[in-house]
Amino acid sequence: MTKSDVAAHRVAAQNRKARHTYEIEETFEAGLVLLGSEVKALREGRANIAESYAKVEDNEIWLVNAHFPEYKQAGQLNHEPRRRRKLLLKRREVAKLLGSSERDGMALVPLKLYFNVRGIAKLELGLGKGKKQFDKREAQKKRDWDRQKARLLREKG
């Protein structure tokens, strides 16, 4: 990748705890309906999606509780920081997410908010099932063992 490609695919916000809390089975890329001041705030990289979630209402998917701080230069035309934002997905994807979230008890978890190569804000949305406490401990043990194994292999050879 060239330097311009890396800059164009820049992550604005990430939910790092989501993969620890949920077992993500499938991911979707969704567009967002944003105001101009929200895009400017995103480009500054100050957004937070750690406590946010997505929910389905009237065959539409909404991003709830995501925090996009106010953009100082917007003045009177500023946005509300925690307003609900509509997610743009294909009709077939919305139907799949609706069925899975209702039937299987799955959650719609925002994973990453980024700008694609064309400079358009996108949200990576995961469909996941909540992990139990013992699942989290097992994952931690496996991660620790993999690190230790890699360290031993580096020392030996």
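Trainee: Why is Glu-57 called partly exposed?
Mentor: This is a predicted model. Glu-57 has a relative accessibility of 26%. Buried means under 20% and exposed over 50%, so a value in between counts as partly exposed.

Trainee: What makes the contact of Arg-84 and Glu-57 a salt bridge?
Mentor: Their side chains come to 2.9 Å, N to O. The cut-off is within 4 Å, so the pair qualifies. The pair links distant parts of the chain, 27 residues apart. Arg-84 is in the loop between strands E4 and E5, and Glu-57 is in strand E3.

Trainee: How do you know that the charged end of Arg-84 sits over the ring of Trp-62?
Mentor: The charged end lies 4.3 Å from the ring centre. The distance limit is within 6 Å, and the angle must be within 35 degrees of the ring normal.

Trainee: Why do Asp-146 and Lys-149 count as a salt bridge?
Mentor: Their closest N and O atoms are 3.9 Å apart. That is within 4 Å, so the pair counts. Both residues lie in helix H5, three residues apart, about one turn of the helix.

Trainee: Why is strand E6 called largely enclosed?
Mentor: Eight of its nine residues are buried, so the rest of the structure largely encloses strand E6.

Trainee: What makes E6 and E7 paired strands?
Mentor: Eight bridges join E6 to E7, and they run antiparallel. Pairing needs at least two bridges, so E6 and E7 pair. Val-109 stands opposite Gly-126 in E7.

Key: Residues are numbered from 1 along each chain as its sequence is written. This is a predicted model: local features need pLDDT of at least 70, side-chain atom pairs count only at pLDDT 80 or more; totals for chains, interfaces and linings use all residues. Side-chain values use heavy atoms; hydrogens and water are left out. Buried means under 20% relative accessible area, exposed over 50%, partly exposed in between (1.4 Å probe, protein chains only). Helices (H or I, at least four residues) and strands (E, at least two) are DSSP runs, numbered from the N terminus.
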